[in-house]
Amino acid sequence: MPTTVPRVIHTGQALVDLTVEIPDLPARGQNVMASSVTQYAGGAVTVLLAAARLGAQCVHAGSLGAGPHGDVIRAALAADGIEASAPVVTTQDTGVCVVLVEPSAERTFVTTLGAEREITVDSLSTAEVRAGDLVCVTGYSLAVEQTRAPLLEWLTSLPEEAVVVLDPGAAFAALPAEVRDAMLACTDIWTSNAEEATDLLAVRGVAVEASDREIVAQAGALAPVMRSDAVVIVRDGAEGCAVHVAGETTYVPGFPQTPVDTNGAGDTHTGALLAGIAAGATWVDACRRANATAAIKVTRRGPTTAPTAVEVDEFLRTQ
């Protein structure tokens, strides 16, 4: 058993989100006037900030650039006491993700590649993963060979008692089968939205039984795809999530809100979930708290606007 409180360690890409609010997506080749544009630290930062604000000790093990975008990321991490363990990539800056947000809160993304892709086994190893630590992997790291190879190699070197958390993203189901299988073989916790669960089940040819709530059926259907003791969480926005653990699937209701910006809601949920698990909460309790945290976040603009533990406590008292 670990002798210290588990940390939340993220290996994924920390990017600068350039969030642009628009009335609608323009037709191809046309223009639209934005109502606002704001710069945020995003990507892996969103998960880490949510976890840190709910009390977890957090480390970013990914790479950051030496330019102004890297400075934005470093400042955001430092403000919430999050360590950036890897050495700075001095040859280029961190990349940007342009996020187009419509009035419905739907988002469209355009992402560049930068210093965040310059990871190595040695750079990841600076996190010094200990037994019990929660190590986050995003499927987007596996979509590019530059980050895929060192990440998969490094994962095999982790202590057996480390807990590997996979947030597959939209990219995971489309990966080569051997890459998916290698990642799933070392995954202890799967946490995704319903669409990502559907995509993996479809590519694996797994049928989903009829259910009053699709995410409950999906979580149960995904469990045999994972390691025998893996935990599966499937989210569905305001509907909440389902968690499959120890052979049983539980539906955990959400807290519907009128959304302002859904960018970062899933990452916020993941960060809050892992903070709860690191603190010793049950899976159902951690999921309920994560649902509440994500519900608060969608009422705020920007991906890094996760609430504090006090705000989540107050929110839950009113429900």
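Mentor: A disulfide is a pair of cysteine sulfur atoms within 2.5 Å. The model is predicted, so local features need pLDDT of at least 70 and side-chain atom pairs count only at pLDDT 80 or more, whereas totals for chains, interfaces and linings use all residues. Residues are numbered from 1 along each chain as its sequence is written, and side-chain values use heavy atoms, with hydrogens and water left out.

Across the whole structure, 0 disulfides are found. For C97, the closest cysteine sulfur is that of C136, at 19 Å, which is too far for a bond. C136 in turn has its closest cysteine sulfur in C58, 8.5 Å away, again too far for a bond. Both cysteines are buried (under 20% relative accessible area, with exposed over 50% and partly exposed in between, using a 1.4 Å probe and protein chains only): C97 has a relative accessible area of 7%, and C136 has 3%.

C58 also belongs to the largest nonpolar core, which has 44 residues. Such a core is a set of buried Ala, Val, Leu, Ile, Met, Phe, Trp, Tyr and Cys residues joined through side-chain atoms within 4.5 Å. V8, V45, C58, I73, L134, I233 and W283 touch the most other members. Helix α10 gives the most to this core, with 7 residues; helices here are DSSP runs (H or I, at least four residues), numbered from the N terminus. Leaving aside residues up to four places away in sequence, V8 touches partners including C58, L134 and C136, where contact means heavy atoms within 4.5 Å. A second, separate core of 39 residues includes V59, V129, L142 and F172.

Conventions: Helix = DSSP H or I, 4+ residues; strand = E, 2+ residues; numbered from the N terminus.
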